[in-house]
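I opened this notebook to record, entry by entry, what I looked up.

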Amino acid sequence: MPARGQRYLTDGFNVDTISTDVAIIGAGGAGLRAAIALAKTDPALRIALISKVYPMRSHTCAAEGGAAGVIKPDDSFDLHFDDTVGGGDWLSDQDCVEYFIHEAPKELQQLEHWGCPWNREADGSVAVRPFGGMKKKRTWFAADKSGFHILHTLFQTSLRFPSITRYDEYYALDLLVDDGRCQGVTAMEMRSGQLRQFHAKAVIIAGGGAGRMFPFSTNGAIKTGDGMAMAYRAGAPLKDMEFIQYHPTGLPNTGSLLTEACRGEGGIMVNKHGRRYLQDYGMGPETPVGQPQLKTMELGPRDRVSQAYWHELQKGNTVTTKWGECVLLDMRHLGEKKINERLPLVRELASSFLGIDIVKDPVPIRPVVHYMMGGISTNTTAATPLPGLFAAGECACVSLNGANRLGSNSLVELLVFGRRAALSAIEHIQGLPAANAAALNARAEETQLRIRELFSRTDGTESLYGLRKEMMDTMEKNVGIYRTEEGLQEGVSKIHELRQRYRRVILTDRTNVFNTDLFQVLELGSMLDCAEAVTVGALARKESRGSHQRLDYTERDDRNFLRHTMVHHQGLDVPRVDYLDVVITKSPPGVRDYSGDHK
Amino acid sequence: MTQMKQRQVQLEVLRYNPDTDTEAHFQRYEVSCNEEGVVLDALNKVKETVDPTLNYRWSCHMAVCGSCGMMINGEPKLSCHTFLRDYEGVIRVEPLAHFPIERDLVTAPDDFMEKLKRVKPYLIPKKKKPISEGEYKQTPAQLMKFRQYSMCINCMLCYAACPEYGLTPKFIGPAALTLAHRYNIDSRDGGRKERQEVVATAEGVWDCTFVGACSEVCPAHVDPASALQQMKITSSIDWIVEHLIPGGKSARDTVSREDAGDIS
Amino acid sequence: MSRRPLVREVPPTTWYFRQPRYMRYMSREITSIFVGAYCMFLVVGLQRLAAGPSAWEGFLQALTSPASIVFQFLALVAAVYHAATWFNATQKAMPVQIGEDFVPGNVISGAHYVAWAVLSVVILHLAGVF
């Protein structure tokens, strides 16, 4: 290999420094919202918005269904509170939920004022649609491209603010921690391979989830948990990582998401006998076709609906297709006009990837990994236990979503906690002592050494793709919808082994410019860190709650596990697990009732 | 379970690495792919099994993030939505035309990003009101008027298709101008005057000669050609009103206001 | 810096051979030469008419020459093609929205064809063809 690209092998410190006030890692919904809030609150602040992709490529764009906020007269904050807490199987922190539900409508209105093309009622007010696990219609939507419109509205609005400096296609590497607080981040400019360090008074991580550690996922290629892993390595614990949401309606071949709005608008799910099988899993009695009723049958929460698929599979009730075992999502009765108006993307996806027109035929679907309830532990102010470090969005676990997120809460979470992280960061940076540049440089040099070691490694034996495949297979096999002690034990030891082997991964491409081989190697490292936290947390949680279902501990155990799993990074050793109590303010743990008889 | 059928796919990919190459060159790959797959799947297969040094952008695999635009047999396409079943023989894959190549299939979109910012693609409210007073009313008909133009995923296929942009790089181009139009015709917006200074110029809509290629390649069915022709008509009317009607004041004289009252 | 973006120039004179759609575009643009030339042709005719009966007779005579007939035929083809592309473009430039829905594009273009046909009949009638 010619040595032209081997800048990192030369001696000496070669990291450019950029000074800023607040560095934001991730330019999706939460990162952009935080940036705008910072710019509007204090126009004098220097804001560095760092992302490994251009903002409009962020995965917020793939969210389809909508965003929940109480706005209609028949709805109330209490109902949104109850739906969220119950939907989360009482693992949500209730102070956080309280804050969230009150901020939600304001944030959605704010987006409206920034131009978001929400669907409308005939009188010009914002329209809402029903969603799974929600007792009232409260999901604001922009056809079935709500996340896309939210992301673009935020991105375009962010262009108004000169104090937001974007660093597009910068891959963030390590947080700079000194004096017990986070003071910046190192990153690589992808188009040149140049390392840079951002010296910042506060850092906000908005880097999204890590769904790509699973082989079958709705998540885009960029969802590799880099932000989570970065915080975790820097000493911030990951919380409730074992709670992985399966979305019940994924395309069986590509895993592309068919929005929950398919069911919200009245689509039904049937097995190979044509039976609406959800009635057999505590979500009945059957409701009339085309008249969806809230919090019942197809409008049950995602965890329950996905779990029902697993049972149907065990019973042999699924339909065998060339894409594997599926159940059917039938939307034919909605009619072409409604489908085109409200579910155009769904029609397009089913038609291009499966060759099925949802107007004429039911679509085969199966559950697919979609979202991580867990993440960097934050409190209601979006602060992590590491001073100076804030987090928002899917990468954070503020404990809004508990053990199962309700559809259409996460798009609002981006907004509410993106903004909150910005406000907290501003508070934090008041009166900070001056940074010790030499100490930060020393941290940055450690990053440089890490990259240099990767470039100069000669004893590599492990292939990136081999390790990645083993990780994905392990996660799918052992940390799926239903889990067992034995499977989880195997998962923990396998992921731990993979982390050891990762030290010998081979970097094939050793050149500087847009080296995606390098970024995929680094992303694999992030995913392995996250995967270990997931498996360790899942093994330790000996109960079934929300999306974490164990065949050996089938009941919820509030006496021992009404608390958050906190996983602490221990270098290459197995991480340390401890627990944090759930904040309960007014809703004691109760029964999640999604039967038609509920009040 | 019946297995999905596999087929052999031959790709001819334009390679360029500034660290090692002075010129771009084609490289041939052959991989076995699921016959229902897309060109992106074939590229991923190449990267995983044949050549890890091949570089390209992608993320969502559902034609909404706009990352994976490239020229496929000379046509600008999203590779995640270009089905192998529609191709026979060798598939030629090149980076998006009209943009500088950083490496392999990765181009530099800086020019587009700068132009997008110039057209002020954000709501400049006609009448400012605080959040506490609720939403701006907008009827479904008013929404439908602009919705199509709000669907742009910024994939830049239209720039790669537009010969005008290729020949006259100063041209602001289809996607950015269309987003200006999207806000101009939004019933809540009063910012047309500000945008006209940028878009109703020789570098703006008047550089468009209506080839129409932008609309033919748009994966989101935005129809930029339509937006640009409509902008030409409104700009012409502005000119007539201003220059030929005594005391005439065109619609572009509507005032825009400060955005006081937003929450942070 | 090892970054060294590769800029590919668009060939300034031959670019339209690259794509059938560019060829279609150029052929549309080229028809305007014939349309323009035919306008000049009519202006010359008017000028001849003003110059007196014998000049007008000479002009009419020249119209029947083979070269003139070939030119007029080509101009007619070009004008028809140009008109067709123009009518097809109207649906993009002038979308019509009724309530939430847009009038289908082919209805807008079709209306132009209908108007064209009606006007042609009227002109032919005034010209005494029938």
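The entries below go from the interface to single helices and then to a helix pair.

I note first that this is a predicted model, in which local features need pLDDT of at least 70 and side-chain atom pairs count only at pLDDT 80 or more, while totals for chains, interfaces and linings use all residues. Residues are numbered from 1 along each chain as its sequence is written, and chains are lettered from A and ligands numbered from 1 in the order in which they are written.

I looked up the interface and found 57 residues of chain A in contact with 48 residues of chain B (contact being C-beta atoms, placed from the backbone, within 7 Å). On the side of chain A that touches chain B, H3(A) gives the largest share, 5 residues, and the residues of that side divide into 22 nonpolar, 23 polar and 12 charged (Ala, Val, Leu, Ile, Met, Phe, Trp, Tyr, Cys and Pro count as nonpolar, Asp, Glu, Lys and Arg as charged, and the others, Gly among them, as polar).

I then checked H10(A), where 16 of the 20 residues are buried (20 or more other C-beta atoms, placed from the backbone, within 10 Å of a residue's own). Just after H10(A), I found Gly431(A) with a positive phi of about 65°.

Last, I looked at H12(A) and H13(A), which pack at an angle of about 165° with their axes 9 Å apart, and are therefore roughly antiparallel (an angle over 145 degrees). Among the residues that meet there are Leu467(A) and Met471(A) in H12(A), and Leu488(A) and Ile495(A) in H13(A).

Key. Two residues are in contact if their C-beta atoms, placed from the backbone, lie within 7 Å. Helices (H or I, at least four residues) and strands (E, at least two) are DSSP runs, numbered from the N terminus. A residue is buried if 20 or more other C-beta atoms lie within 10 Å of its own, exposed if 12 or fewer, and partly exposed in between; C-beta atoms are placed from the backbone. Axes are lines fitted to C-alpha atoms, for helices over the stretch in contact, and angles run from 0 to 180 degrees between N-to-C directions. Angles under 35 degrees count as roughly parallel, over 145 as roughly antiparallel, 65 to 115 as roughly perpendicular and the rest as oblique.
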